Amino acid sequence: MIASDTPDPYRLPREVIPQQYVLRLTPNLESFTFTGEVSVDILVTEPVNRIMLNAAELKITSAKVGSSTISDIQYDPDHERVTLELADRLEPCMSQLNLCFSGTLNENLHGFYRSVFTDSEDNQRVIATTQFEPTNARRAFPCWDEPDLKATFEVTLTVPEHLMAISSGAETSSQQLGNGLKEVRFAPTIKMSTYLLAFVIGPLETTNPTWVNGTPVRIIHPLGKGHLTAFALETAVFCLNFFEDYFDIAYPGDKLDLVAIPDFAFGAMENMGCVTFREALLLIDPATSTQQERQSAADVIAHELAHMWFGNLVTMQWWNGIWLKEALATFCEMLAVDAFRPDWQRWLTFGLSRTAAFEVDALTTTRAIEYPVISPQDAEGMYDLLTYQKGAATIRMLEQFLGAEKFRNAVQSYLRQHSYSNTETHHLWDALTAATGQPARNVMDSWIFQGGHPLITATADADHKVTLKQQRFSYSPQTEQASWQVPIIVAAADNHIEHLVLGEQAELRATAENWVMLNPNADGFYRVSYQNNLLTRLLQDGPQLNPLQRFMLLDDQWALTVAKQLPLTEYLQLAAHIAISEDDLAVWQRLTNTLSTLDHLSNNQGREALRQQTRNMIGPTYRRLGWEQTLQEDERTNELRGVLVCSLATTGNDQNVIARCRQLFNADATNPALDAAATTVVATTGNAADYEKIHRRLADAPTPQLQLRYLTALSLFTQPELMDRTLAATLDGTIRSQDAGFVIRDCLRNRERGVQAWRFVTQRWDEINQKIPSQIIPRMLEGICALSTAQLASEITAFLKAHPVSQGPLIVAQHLERLQVNVQLRQRVAQTLISSNHSP
Ligand SMILES: [Zn+2]
């Protein structure tokens, strides 16, 4: 903590405010260095003897402020700042700061960095590119690197003639310099935060622009990948139109480029006008990709474009507020993709993301969606499920509670009112209250500023009166109590719908004479427990549950099982009851995930029983669907076919299905969903020859999706020597550093070989931390949750205590707590499955 009278060492003083940057950069793609000059128009608001700004890993070679000279330059590498001591005091005025500097095109996937790929002639090619969020613009040029110090940026890049150069603004001129170089100038950007600026230089190609209401949209990609751009272009054009309409504000930039980068630490980044992506999320072959792969790409494209308004036009004041842009962009991503492909039923499949957030939020080590951020490392720790998925789920709950149209009006007025400036969370609630007359702030403060979520228990008395009560839902009984303002919707017989905001307790108007259903649209971020025989009533006398309701019911009951509030046998009975006639993809994904978790937790004796139960549950739907796609069925149905086949073969150990998957794997690919399932099945059940085959396919993979599919498959083999090969490849340069951490995570999850992967992590810890981008390390460690024996758990806990992960201590604490939850769950699973083995 920092005492209130100590200035925060990570914040810059406010006596000097940047207005406009004119930035010239000359990268050298052979020596991996760059030089630059920046002129900043500054407003000096108080007399100053020194100017402080951010710079990291840069050398300032000359400095001047207006007509005065600089007497000394002091670097503070710990706080990534530089102080320019002035020879004479500077009085309040408008002035100009001129700096020359040099730096390195690093390999760490942040700041100004290099990305390398091999072209079709087998030559290594280099791209110089940027990733500034949260606090890495300071690694490319000295600047006031805080989100509320907005300015305009006018960029000029001097680059080799044969390379393409792009930046956030539109190109205004390109001039050959006669020495093999050219100078490319770009139009000034809008007034925006430093973290949104970008520039990319390299052997790139572009699609022709498609114009959307005056904005040219292009997909830019490494050489030779133009045939994979149509899907992204179609999606981007749709989303740009969609958001201009939804927000009723024109796109704030002058052009929109979506750029595929071979090495990229995040999924994508919403740089103004120059959005950068991992290749797998932008370059798609519709013929070989699965619906899930296309949906992931569409999601991310929609998400980044929503940021052009939420984040870029209106920005959080400081990093504690990133949830505001991330949750809203995630929510808007669902809106846009749902409109783009209604048949994908995006709000239904959002249930899977909501589940992931619930799982973390049921731990005592969860956190409030918004919490204080001091250092850049605090900010790095915020890019997690609670910011994105729980944030988006609470926004969805609020939207449905207030009404979609009123919510939209409020969002429009919020964006208009705060364009080109910065906000705190309460500004959004104020806009919502003004637009709806509802106390949005009262309700939402309880969701945003405290961690956890409620369990709503419904009980009926002898007169069928139904009472609702809330308490904090947790996997651990030691959790501190808390309460929320819970917007609740209840459905009951005769089309009765009841809306209420639950404090501690409430009695419903509807009675339990027939049935009642809580959270019928599954948009409330709370768990439900039906007491007495309310659940039996609902299932027997209630309406036919829709997929969303079946999803939520299964999800809630599983959560209660993990929290020891429901016996596993009861969960399995409900699952079997639903499975028999289930035909929805999302419900099956939820169910097969749980079966796979049980498989991980089971010992060898219990596993046989689980395999039988899995085959019994999946069998009927699998036989209804068959292996052949029909003309009438939609994409989700075919996707379901892949999910069922995969689960039957792996968790169910069905030998016929395994044999058929092997045939498919060796035949020419025809059905992407089944091909993806077959790859997983062959790897899970395969031998060294299969490994070689997948390895070769990985090397020759014609699309980023196939590459990712084969890469993931390498972590599934169960032979020790094959696991060794995969692990070694994560650090010897074979696997890109952007992927290595995720491969290690998947290896840790390998039921047979996870321990081996853990030994590798402990032995190569320093190297892992050197080579893998820092923000991926906490996500890599998610894999430890699968290593749930008591002895391993204490070993892992001791290791991570001795080797703290400073860029995500809370995320690691959450993995460790979840690991303990799994240790206990493992014991109960063993008892239940073994006893079910003996039952007839
Ligand atoms: Zn985002």
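Contact is taken here to mean heavy atoms within 4.5 Å. All views show a predicted model.

**View 1. Surroundings of Gly 524.** Leaving aside neighbours within four places in sequence, Gly 524 is in contact with Phe 358, Met 397 and Asn 519. The residue is placed in the loop that runs between strand E28 (516-518) and strand E29 (527-530). Gly 524 counts as buried because its relative accessibility is 2%, the cut-off for a buried residue being under 20%. Leu 722 lies 198 residues from Gly 524 in sequence, and the C-alpha atoms of the two are 45 Å apart in space.

View 2. Three residues coordinate the zinc ion: His 303 through NE2, His 307 through NE2 and Glu 326 through OE, at 2.0 to 2.1 Å. Along the chain, the donors follow the spacing H-x3-H-x18-E. His 303 and His 307 belong to helix H2 (residues 291-307), and because they are four residues apart there, about one helical turn separates them. An α-helix has 3.6 residues a turn, so residues three or four places apart point the same way. Both His 303 and His 307 are buried.

**View 3. The open sheet of strands E26, E25 and E28.** The three strands are arranged in the order E26-E25-E28, with antiparallel pairing, and form an open sheet. Strand E26 (496-502) and E28 stand at the edges with a single partner strand each, so one side of each has no neighbour in the sheet. On average, neighbouring strands of this sheet are turned by 25° against each other, direction ignored. Seven bridges join strand E25 (residues 486-492) to E26 in the antiparallel sense. Val 490 has Glu 498 of E26 as its bridge partner.

**View 4. Helix H25 and its buried face.** Helix H25 (residues 790-802) has 13 residues, which at 1.5 Å a residue should span 18 Å; the C-alpha atoms at its ends are 19 Å apart, in agreement with that span. Leu 792, Ala 793, Ile 796, Phe 799 and Leu 800 are the buried residues of H25. Seen down the helix axis, these buried residues fall within an arc of 130°, and therefore line one face of H25. Ala 790, Gln 791, Lys 801 and Ala 802 are exposed on the other side of H25.

Methods. Residues numbered from 1 in each chain as written. Predicted model: local features only at pLDDT ≥ 70, side-chain atom pairs only at ≥ 80, totals over all residues. Heavy atoms only, no water. Donors = N, O, S within 2.8 Å, 3.2 Å for Na, K, Ca; no water. Helix = DSSP H or I, 4+ residues; strand = E, 2+ residues; numbered from the N terminus. Buried < 20%, exposed > 50% of the residue type's maximum accessible area, 1.4 Å probe, protein only. Pairing = 2+ DSSP bridges. Axes fitted to C-alpha atoms, helices over the stretch in contact; angles between N-to-C directions. Expected span 1.5 Å × (residues − 1). Arc of directions from axis to C-beta.
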